[in-house]
Amino acid sequence: MKDQKLKLWMGIGMATLLAGSGAWAGEGGESGHENPVKAGDHGGEGGEHHGGEGGENHGGEGGESHGGEMGEAFSYFASGGEGGEGGEGGTSAAPVASDGAQLAMIHMMQGHLMAARELIKAGEVAEGRPHLTHPWIEVYPMAKPGFEAHGQDQLGDRLQTLAETAGTVGKWSDVSADFNAAWTSLDHAAAAISGDQPEAPATVAKVMLSLTKQAALEYDEALEEGRFVAVHEYQDGRGFVLVAREYLERNKASLMKQNKEAWRDANKVLDELETAWPTAIPPAQPVMQPSSLYAAQARLELALAPYLY
């Protein structure tokens with residue numbers, strides 16, 4: 001345990017140094033992660049191909065690397081190497097096939113839907129519509145084989161219906177039935193993967209880290225020269241952090257049973273992370289710089305370490 005904590009502290013120190021120098025994640029340009037979907041294709045600067053009329057030109061048939069390489073967020077589920085225990089290594093496609101990664105993708109899809117619901121209910125319907133399409137277009141192509149292996153064939157139909165009707169939504173009541181059907185199917189898929197037993201604390205910790213890492217990547221991708229230009233990336237990140245909070249609360253009993261101090265520490269860091277997204281519509285100036293957000297996410301990894309080792 002001591003060696004693992006030392007490794008995490010060393011990793012966090014390096015992560016903070018890289019983030020502060022603008023060199024995070026190496027080769028991915030200024031934000032440190034390649035993204036074939038540019039801001040202009042995704043909602044930045046007012047013009048997009050993003051499902052405003054129910055369909056979008058967003059990621060091809062095989063999913064996409066929205067907000068950076070999505071494999072980076074799933075590296076916590078990699079087998080072997082530091083990526084298997086919450087490190088940055090192991091960004092191959094293999095981790096996505098694990099049950100833990102399948103659970104993370106379910107909660108990412110619910111994070112997208114939370115963003116849509118919040119915006120539409122607040123009267124920001126045009127902002128909310130594209131988020132109804134994201135689970136089907138962005139995440140489901142990666143998750144489909146695993147869901148079908150668990151007998152969750154109907155989930156795709158629910159998500160597709162929601163995506164295809166997004167462009168006709170004018171108010172929350174127009175979409176609430178399809179939204180609730182999709183949400184329920186996602187819950188059923190999670191139950192099918194988890195089985196009768198509660199999710200293990202290690203799995204909960206890795207799902208939390210996947211959600212918050214992807215949220216940080218989305219936040220970083222949304223910014224350009226100190227302004228939020230890709231609004232939907234910001235909103236996706238907010239959705240992921242909100243669903244991470246809900247997920248942490250839902251697993252409170254098992255986490256506190258194993259380690260109360262780790263539970264308290266994780267909550268404190270998550271409180272800090274949430275401050276980066278004060279509102280559904282991004283503020284004129286970022287509340288937190290990406291380097292600080294990455295550093296906070298690394299501290300969350302340290303807080304959750306007792307569940308991982």
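This is a predicted model: local features need pLDDT of at least 70, side-chain atom pairs count only at pLDDT 80 or more; totals for chains, interfaces and linings use all residues.
**Close-up views of aromatic pairs and a helix contact**

View 1. The rings of Y140 and F147 form a tilted aromatic pair, with 6.1 Å from centre to centre and 35° between the planes. Eight aromatic pairs are found when the whole structure is searched.

**View 2. The tilted pair of Y219 and Y234.** The ring centres of Y219 and Y234 lie 6.5 Å apart and the planes meet at 40°, so this pair is tilted. Y219 belongs to helix α7 and Y234 to helix α8; the two residues are 15 residues apart, and the pair links distant parts of the chain. Both Y219 and Y234 are buried. Ring pairs join Y219 and Y234 with F228 and W277 in a cluster.

**View 3. Packing of helix α7 against helix α8.** Helix α7 spans residues 201-222 and helix α8 residues 231-250; their axes come within 7 Å and cross at roughly 160°. Angles over 145 degrees count as roughly antiparallel, and α7 and α8 are therefore roughly antiparallel to each other. Their crossing is left-handed.

**View 4. Residues at the contact of α7 with α8.** From α7, the contacting residues include V204, V207, M208, L211, A215 and Y219, and from α8 they include Y234, F240, V241, A244, Y247 and L248. By class, the contact comprises 14 nonpolar, four polar and four charged residues.

Notes:
Residues are numbered from 1 along each chain as its sequence is written. Side-chain values use heavy atoms; hydrogens and water are left out. Axes are lines fitted to C-alpha atoms, for helices over the stretch in contact, and angles run from 0 to 180 degrees between N-to-C directions. Helices (H or I, at least four residues) and strands (E, at least two) are DSSP runs, numbered from the N terminus. Angles under 35 degrees count as roughly parallel, over 145 as roughly antiparallel, 65 to 115 as roughly perpendicular and the rest as oblique. A crossing is left-handed if the near helix is turned anticlockwise from the far one by less than a right angle, and right-handed if clockwise. Contact means heavy atoms within 4.5 Å. Ala, Val, Leu, Ile, Met, Phe, Trp, Tyr, Cys and Pro count as nonpolar, Asp, Glu, Lys and Arg as charged, and the others, Gly among them, as polar. Rings of Phe, Tyr and Trp (its six-membered ring) pair if their centres lie within 6.5 Å; planes under 30 degrees apart count as stacked, over 60 as edge-to-face and the rest as tilted. Buried means under 20% relative accessible area, exposed over 50%, partly exposed in between (1.4 Å probe, protein chains only).
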